[in-house]
Amino acid sequence: MSCTLEHHRSELEALLRPVFSSLGTQLLPVASAQLCDKVTSEDLFAALPIPAFTNSQMDGYAARSADLLSASRTTPVTLPLGFTAAAGDRQVQLQPGTVSPVMTGAMIPQGADTVIPVEESVLGTFPKLVRAGQGTVSGHAQFTAPSASGRFIRPVGVDLEAGALVASAGTRLTPTMIAALASSGLREIPVRRTLTVALCTTGDELGGSNPAEGQIPDANSPMLAALLRRYGVDVRTLQLPDDPDRFAVAIDQLQEQVDLILTVGGISAGAYEVVRQALAGRGGNFHHVAIQPGGPQGFAQLEHAVVLCFPGNPVSALLSVELFLTPLLRALNGLPEPQPEHFPLAQTVSSPEHKHQVRRALIQDGQVTILDPGSHLVHDLARADALVHIPVGVSELVAGQSVKIWRMNV
């Protein structure tokens, strides 16, 4: 029995929705190395405004704008110094008719409504400065121009008010969003627990580092594990035997330990299809999807975990994950969908009209060069930098025709 790409994708989405919803929450410190790329599990509101207090944008002098109204090049205004406001100091009081030296980020002295950059003073540099509690202030500063109220002052909460929404539930935490959380006074961040996946390759033909005659290296485990980890998945890899009974025992143990099980291989029409044999009697659903490569597909809902079953050829395995799982992982992790681009074809390409064909391609000299469709060509897969989708009903794309491509970097 065959189904469309869209139908199978909707089947898996419905199957995985409750898995993703049940992940729950963990609290991480805002400075945790694990926080970046996590996803918030609830709406987060500011405990503090940003900035937390009204502060100076410049190194300069805090003053009352009214005290500078008469300043001009011919008649400078001379004002005695008050205590200096440095970053981290408590707020000082500005006495009428004085100016307080103020540093960038320091609290604006009470009573001040403007800041004059130090380079705009007649001297152009600070004289000897005294902070509150550290001595007696002396000296003065001269100014040759007025300074408008509010100049170089950053009001409290101008960026974000206390109690305002910082990040909504489902937000992926970038470095800049982490800065916003920290600045708003949040110290522990509730994030969605990491999805745990068991990635199970099958096949007695898979050898270790030194494959015996008739065996091949396992490329699927490292390839797919690396891809899944890009989406913040905690991946455990293991190789299962071509023995249905032993396979079933291993799967039963795994479903108690992980959120999701992915199997690779063992689902086509051959005589030793271990995944199909082990799961067919346990609610396994195996069918053919009208795509190329990757036609054989399957899934099962076990008591404690969902099993997604992908074909074993490396190209088919990777494209199956790309077509059916990574769109759901992007949604789970608040990541945008990749956007297609348009390029002309370098050569005419044929496609089976009754299948949705996904072809690897190279972008060269402003054109798309389509690669061989073979599902075993791992090196061709590695050098491809784009995918071209040829939908059902299209049997040929002509050289020079503009086609949609999706960039890939896997």
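Biologist: Contact here means heavy atoms within 4.5 Å. With that cut-off, which residues is C309 in contact with, leaving aside its neighbours within four places in sequence?

Modeller: This is a predicted model. C309 lies in strand β21 and counts as buried, at 0% relative accessibility. Leaving aside neighbours within four places in sequence, the residues in contact with C309 are T263, I267, V275, L279, F286, Q297, G298 and F299.

Biologist: How many Å apart in space are C309 and D67, C-alpha to C-alpha?

Modeller: In sequence, C309 and D67 are 242 residues apart. From C-alpha to C-alpha, the distance between C309 and D67 in space is 77 Å.

Biologist: Which element gives the largest share of the largest nonpolar core?

Modeller: The largest nonpolar core has 46 residues, and those with the most contacts inside it are L16, L228, L262, L308 and L329. Elements that give two or more residues to this core include α1 (5-21), α3 (220-229), β17 (260-264), β21 (306-310) and α7 (326-332). The largest share of this core is seven residues, and the element that gives it is α6.

Biologist: Which residues is L228 in contact with, leaving aside its neighbours within four places in sequence?

Modeller: L228 is among the residues with the most contacts inside the largest nonpolar core. In general, nonpolar side chains tend to be buried together in soluble globular proteins. Leaving aside neighbours within four places in sequence, the residues in contact with L228 are V197, V233, V235, L262, V321, L325 and L329.

Biologist: Which residue in β7 does G60 stand opposite?

Modeller: Strand β5 covers residues 60-63 and pairs with β7 in the antiparallel sense over three bridges. In β7, the residue opposite G60 is V102.

Biologist: Is the aromatic pair of Y61 and F143 stacked or edge-to-face?

Modeller: Y61 is in strand β5 and F143 in strand β9 (residues 140-143), 82 residues apart, and the pair links distant parts of the chain. Both residues are buried. Planes over 60 degrees apart count as edge-to-face. With 5.4 Å centre to centre and 80 degrees between the planes, the pair of Y61 and F143 is edge-to-face.

Biologist: Which residues form one aromatic cluster?

Modeller: The count of aromatic pairs comes to two. One of them is formed by Y61 and F143. The residues of the cluster are Y61, F126 and F143.

Biologist: Is T84 buried or exposed?

Modeller: T84 has its place in the loop between β6 (77-80) and β7. Not counting residues up to four places away in sequence, T84 touches D89, V92, P101, M103, L129, V130, R131 and A132. Residues under 20% relative accessible area count as buried. T84 has 4% relative accessibility, so T84 is buried.

Biologist: Which residue does D89 form a salt bridge with?

Modeller: D89 lies in the loop between β6 and β7 and its partner in the loop between β8 and β9, so the pair ties together parts that are 42 residues apart in sequence. The closest N and O atoms of the pair are 2.5 Å apart.

Biologist: What is the N to O distance of the salt bridge between E120 and R151?

Modeller: E120 lies in the loop between β8 and β9 and R151 in the loop between β9 and β10 (153-154), so the pair ties together parts that are 31 residues apart in sequence. E120 counts as partly exposed at 36% relative accessibility, and R151 is partly exposed at 24%. From N to O, the distance is 2.7 Å.

Biologist: Is D259 buried or exposed?

Modeller: The side chains of D259 and R193 meet in a salt bridge, 3.0 Å from N to O. R193 counts as partly exposed, at 31% relative accessibility. With a relative accessible area of 13%, D259 is buried.

Notes:
Residues are numbered from 1 along each chain as its sequence is written. This is a predicted model: local features need pLDDT of at least 70, side-chain atom pairs count only at pLDDT 80 or more; totals for chains, interfaces and linings use all residues. Side-chain values use heavy atoms; hydrogens and water are left out. A nonpolar core is a set of buried Ala, Val, Leu, Ile, Met, Phe, Trp, Tyr and Cys residues joined through side-chain atoms within 4.5 Å. Buried means under 20% relative accessible area, exposed over 50%, partly exposed in between (1.4 Å probe, protein chains only). Helices (H or I, at least four residues) and strands (E, at least two) are DSSP runs, numbered from the N terminus. Two strands pair if DSSP finds at least two bridges between them. Rings of Phe, Tyr and Trp (its six-membered ring) pair if their centres lie within 6.5 Å; planes under 30 degrees apart count as stacked, over 60 as edge-to-face and the rest as tilted. A salt bridge is a side-chain nitrogen of Lys or Arg within 4 Å of a carboxyl oxygen of Asp or Glu.
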